[in-house]
Amino acid sequence: MSQFLEVSNLNVTFPTEDGDVRASNEITYSVGLGETLAIVGESGSGKSVSNLAVMGLHNPSRTKITGSAVLNLSSGPVDVISAPTESVRKLRGKEMSMIFQDPMSALHPFFSIGDQIAEAWHLYNKGSKKDGIKKATEMLELVGIPDAANRVNDYPHQFSGGMRQRAMIAMALVNNPALLIADEPTTALDVTVQSQILTLLKNLQKELNMAIILITHDLGVVAEFADRICVMYGGRIVESGSVEDIFYRPSHPYTLGLLNSVPRLSSGTSHRLKAIPGQPPSLIELPAGCAFAPRCEYVSRVTSGACLTQVPQLIEKSTSHSSRCHLSADELNNLVKDKA
Amino acid sequence: MFSYVSRRLLYTVILLLIVSLTIFFIFDLIPVDPARLVCSKQCTPSLVEANRHRLGLDVSVFEQWWRFLVGLFAGRTFGEEGIAITCAAPALGYSFSRHECVTTIVAEAFPFTLSLALGAFILWLSVGISLGVLSARKKGKFADRASSVFVLVGTSLPTFISGILVVLFIVLKFNLVNPLELGNWHNPFTDPFGWLQTFFFPCATLALAYAATYTRFTRSNVIETSSEDFIRTARAKGLSEKVILRKHTLRAALAPIVTIAGLDFAGLLGGAIITEGIFGLNGLGKLSIKAVTQTYDLPIIVATTLIASAFVLIMNLIVDIAYAFIDPRVRTS
């Protein structure tokens, strides 16, 4: 699978009066056509920030971005971080699209759904107003809006939450982009609607052979949907690997903590869910060592004390699997077994 | 949509009736007796009674109100047979201090007020909105700071100060307008230059305060709208900043301005008392203040009060209908 997007050493910093907020710190990941990469982490871990940087949606006067994010287009590779803003704009909607968390507020309340989808289509296609609406109707049919020919003239407030997210997806995909970034697309929706939207995305991915980056904090969604996973904490990727790697061979205490905090129907007995104690770190003053160290139960096991002084490197466990921990995967496994 | 408009129209008519009745009650309560005021020096109780009958004040307030309403549509005759005066519909009453039908007096004054209000309205909207958008786009930069100085000056200078300054400097010191010509009526269609001479400076004076408020309002609305999710969506689509501002941001940011602009304009159509006074414009504002303070000409006071409130109500209706076109959420609810 060729990689469509290659992000490497991406840093996003927001200078503020209290100091620099390092929201995204040496982020490296890639995603290929037809593949789904999930980026997992809690609020404030910097999940969205690096992807907004790829889309070029940060306000340039209030953001410092370094590193690179290369789109391997058929016309040749383009680094969207260093490319001029105007040429990145012309990639938005055409080569890469994004859908957002809250479909309630992501659509303009004053324009009809059809007009908003057609507007995106007209940007990159020549055609009459009628052609645009026709295209919008087709897209609404594609995302499963019943009676699309009539609903195309509706306004956002006449759509339910799930339908609005479908309309957002229709709008994002109207120009057949190679990359879709979905930023918590189901967080604001009912559970039943969530799975419908995810199934829809999965089917559209097969049909259109897109690369999808799914940003979420929901491990259930990830297990069902993703091929590969990046776990983020404190602005850094702490572990990345295939779904099997992350779920069956987690090698970072934070990933372990996340997995333990998910309720499982299979576990049967009524044991309490384990929460990770403490609060996520402030991105202005990250701890000197591992950002997770203050909350990590295994800190004392690293005898050198490196957890509090050295940022751990991303160490490869296998070709697809790497993690940022001073403990090796085996050491961590043994500690977990001892506890059990 | 049709039922929405007709419902709003009905409400407006009902409200106008209530407002007019209230006005008649209020002026009935005021302890000034017009019948005594128009009485000559050798006043006797019987003369006062005769005057009261002549003025139509010898009947109940309801009856007075009803006669007024009928007069609006059918015209009205004042006085007894020998000295009867008939005012054609829409008759707003008869002024006994000026011996003229109030409708005629109002018709003379209204072009001044309309010119002043319309000129000021166009000025303050164009200045306020463009400055507001500019300072929102250049937030924190020089243009923004400069416009905030303008806002500060505009909002803190009362019209009676800025108006007097304008008269002092532009009219008297620099002689841009002949002081004897001040307040002369020129038909804008046949003599646009003369009209501008009369109205440009009053309009600018009146517009200054409004423009400052509208600058501030537009600026904060544009900034607020720019951070909306749907603007991020527009950007994610690949729209250019120009299109985003013109089509997506301004549409949402300026919608609330339609409401306050309509009401501000309606308020001015009732007469801008201070500005009309300073620049010697014989508009509705000057007419009503004179009627109140000098002659206590009740028919004129009633008419100008009613006209002012009618403008507010009608403009309110227009704003509501316009809003339904702007915001689809209003249409369906």
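1. Helices (H or I, at least four residues) and strands (E, at least two) are DSSP runs, numbered from the N terminus. Chain A as a whole has a mean pLDDT of 90, and 98% of its residues reach 70 or more.

2. This is a predicted model, in which local features need pLDDT of at least 70 and side-chain atom pairs count only at pLDDT 80 or more, while totals for chains, interfaces and linings use all residues. Residues are numbered from 1 along each chain as its sequence is written, and chains are lettered from A and ligands numbered from 1 in the order in which they are written.

3. On the contact between the chains: 23 residues of chain A and 18 residues of chain B take part, two residues being in contact if their C-beta atoms, placed from the backbone, lie within 7 Å. On the side of chain B that touches chain A, helix 9 (229-237), helix 10 (241-269) and helix 14 (328-332) of chain B each supply at least two residues. Helix 9 of chain B has the largest share, seven residues. By class, that side of chain B has eight charged, six nonpolar and four polar residues. Ala, Val, Leu, Ile, Met, Phe, Trp, Tyr, Cys and Pro count as nonpolar, Asp, Glu, Lys and Arg as charged, and the others, Gly among them, as polar.

4. Chain B is divided into domain 1 (2-101) and domain 2 (103-332), with bounds from an automatic or database domain assignment. Taken over C-alpha atoms, the centres of the two domains of chain B are separated by 33 Å. Their contact takes 25 residues from domain 1 and 23 residues from domain 2 of chain B. Helix 1 of chain B gives the most to the domain 1 side, with eleven residues. By class, this side of domain 1 of chain B has 17 nonpolar, five polar and three charged residues.

5. In chain A, strand 4 (residues 64-73) and strand 5 (residues 76-79) run antiparallel and are joined by four bridges; strands pair if DSSP finds at least two bridges between them. A hairpin through two residues links strand 4 of chain A to strand 5 of chain A. A:V70 has A:D79, in strand 5 of chain A, as its bridge partner.

6. A:Q158 lies in the loop between helix 6 (148-151) and helix 7 (161-173) of chain A. The C-alpha atoms of A:Q158 and A:S328 are separated by 54 Å.

Notes: pLDDT is the predictor's confidence in each residue, from 0 to 100.
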